[in-house]
Amino acid sequence: MTLIIFIIFLACVLSLVLFKVKSGSMAKWAKLFRIVTVVFSISVFTYWFIKKSAVAFVDNSVGLQVVNKLPQALDFYLIKVNKTDQNTTLEPKHIGKIRPEYYRIEYLKMDKSDEYWIVGYLGKKNLVYFSQHSVPNKNIDQIVEVQNYINQSMKLSDAAKKQVDAYNYENTKLGIWITLDFLLLFLNLVLLLRKNK
């Protein structure tokens with residue numbers, strides 16, 4: 001997705017430059033390029049937002065219910081431990097902030113994994129919960145009740161913290177690019193509509 005967002009950024013910048021081409025044989029092609037850029041960008045972002053908003057149910061997956069039994073809301077992350085051949089990769093995902101006595105459900109594709117970690121943050125940087133879970137039977141859904149502030153492994157929680165920091169950094173970077181794309185897309189759309197009047 002990052003590559004597509006960068007391509008949209010370049011196309012939108014080029015469209016703004018081509019707005020200055022108003023006469024000659026290139027004017028028709030410039031306008032066509034601007035229209036295609038706007039339509040393509042809107043289509044990509046619409047598809048992306050619908051996909052992000054839809055329920056993340058996955059076929060042949062393990063359902064995971066994370067229940068917060070603590071008196072404070074915690075921000076939870078899930079880290080899936082993928083094992084392929086002799087390599088182990090960690091795949092982080094933001095579950096979200098869970099209030100006391102509430103829960104969130106995630107669906108995990110466990111075809112390359114039989115283990116996951118749950119990481120809980122109080123605030124942005126304060127890791128207050130870490131637990132390691134195995135999935136011996138991939139046909140049975142999992143329920144994790146967070147009842148106290150524990151850290152089952154300092155070594156693994158340090159690795160998890162690095163993964164979460166990298167994941168948040170990438171999301172922040174992606175958010176900046178998306179914001180720039182929206183601004184450029186809005187400018188292109190306004191110029192196109194103004195021109196058509």
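How many bridges join strand 2 to strand 5, and in which direction do these strands run? In this predicted model, eight bridges join the two strands, which run antiparallel.

- Strands in the order 3-2-5-6 form an open sheet with antiparallel pairing.
- Strand 3 and strand 6 are the edge strands, each pairing on one side only.
- From one strand to the next, the twist averages 20°.
- Residue N82 stands opposite S113, which belongs to strand 5.

- Strand 1 and strand 7 run parallel and are joined by five bridges.
- L64 stands opposite Q142 of strand 7.

**Nonpolar cores**
- The largest nonpolar core has 18 residues, of which L64, V66, F76, Y116 and I118 touch the most other members.
- Two or more residues of this core come from each of strand 1 (62-68), strand 2 (74-84), strand 3 (87-98), strand 5 (113-122), strand 6 (126-134) and strand 7 (142-146).
- Beyond its neighbours within four places in sequence, V66 is in contact with F76, I95, I98, Y102, Y103, R104, I118, V144 and V146.
- In soluble globular proteins, nonpolar side chains tend to be buried together.

Methods:
Residues numbered from 1 in each chain as written. Predicted model: local features only at pLDDT ≥ 70, side-chain atom pairs only at ≥ 80, totals over all residues. Heavy atoms only, no water. Core = buried A, V, L, I, M, F, W, Y, C linked by side-chain atoms within 4.5 Å. Buried < 20%, exposed > 50% of the residue type's maximum accessible area, 1.4 Å probe, protein only. Helix = DSSP H or I, 4+ residues; strand = E, 2+ residues; numbered from the N terminus. Contact = heavy atoms within 4.5 Å. Pairing = 2+ DSSP bridges. Axes fitted to C-alpha atoms, helices over the stretch in contact; angles between N-to-C directions.
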